[in-house]
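Hi everyone, thanks for coming.

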Amino acid sequence: MNSYINYAHQMKESGQSAEAAAFLLEKASAGDVDAMEALCDSYFYGTLGEKNYEKSLYWGQKAMNSGSVRSQETLGIQYLNGYGVEADVEKALILLQRAIAGGCRKAGRYVGLYYMEKNHPEEARKWFLEAANRGDISSQYQMGVLYENGIGVEKDLTEAIRWYKLSAQRGDRVAEPAMDALARLGVSFQKDVLK
């Protein structure tokens, strides 16, 4: 995550979203790619208070044209779901796969979810595995689901537990489904154990 994105989160937490937005706009307008990337993310997720897909698309396109890999991921999500733009799956998959090739950790998750939705579990597994191996806890959770239920893989509870544990080790709210899955499978788990 670039330092401007961290800055935006910190400024929001301290109640200074407007100041952070003004700062990022100034930097981005002067050609700072990291600031463009931060604005793309901030408008997409509403980090600074304003959720605006069109502005996210605008700054993401500028950042991507200036070499940003992370913005390819955000734009890919927008095109995949039609957020602020007409949905274009082909373009979305190209952007997400470029983001994956560029090292984005979670882009594979979105490709995997797309293929799960289209009932192509083997292809979904490929992309979840890519993102899971890069440390994306949501993809690690998805790998656990695949192995627990034998979706696109042979059912293997030991492997499911391994993936759920990887996802749960952070212990934050994103990992809660993995901790619930472990409990459902009768596995006790302390989040501090794997740290």
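Let's start with the rings: Phe44, Tyr45, Tyr53 and Tyr83 make up one aromatic cluster. Before I go on, a word on where this comes from: it's a predicted model, where local features need pLDDT of at least 70 and side-chain atom pairs count only at pLDDT 80 or more, while totals for chains, interfaces and linings use all residues. Residues are numbered from 1 along each chain as its sequence is written, and side-chain values use heavy atoms, with hydrogens and water left out.

So, how many aromatic pairs does a search of the whole structure find? It finds 7. Rings of Phe, Tyr and Trp (its six-membered ring) pair if their centres lie within 6.5 Å; planes under 30 degrees apart are stacked, over 60 edge-to-face, and the rest tilted. One of the pairs is Tyr114 with Tyr115, edge-to-face, at 5.1 Å centre to centre and 70 degrees between the planes. Tyr114 and Tyr115 are both buried; buried means under 20% relative accessible area, exposed over 50%, and partly exposed in between, using a 1.4 Å probe and protein chains only.

Another pair is Tyr141 and Tyr164, a tilted one, 5.6 Å centre to centre with 40 degrees between the planes. Tyr141 sits in helix α9 (residues 137-149) and Tyr164 in helix α10 (residues 157-168), so this pair ties together parts 23 residues apart in sequence. Helices here are DSSP runs (H or I, at least four residues), numbered from the N terminus. Tyr141 is partly exposed at 23% relative accessibility, whereas Tyr164 is buried at 0%.

There's also a charge over a ring: Arg162 lies over the face of Trp163, 4.5 Å from the ring centre. To count, NZ of Lys or CZ of Arg must be within 6 Å of the ring centre and within 35 degrees of the ring normal.

Now, disulfides, meaning pairs of cysteine sulfur atoms within 2.5 Å. The search of the whole structure finds 0.

Terms used:
Helix = DSSP H or I, 4+ residues; strand = E, 2+ residues; numbered from the N terminus.
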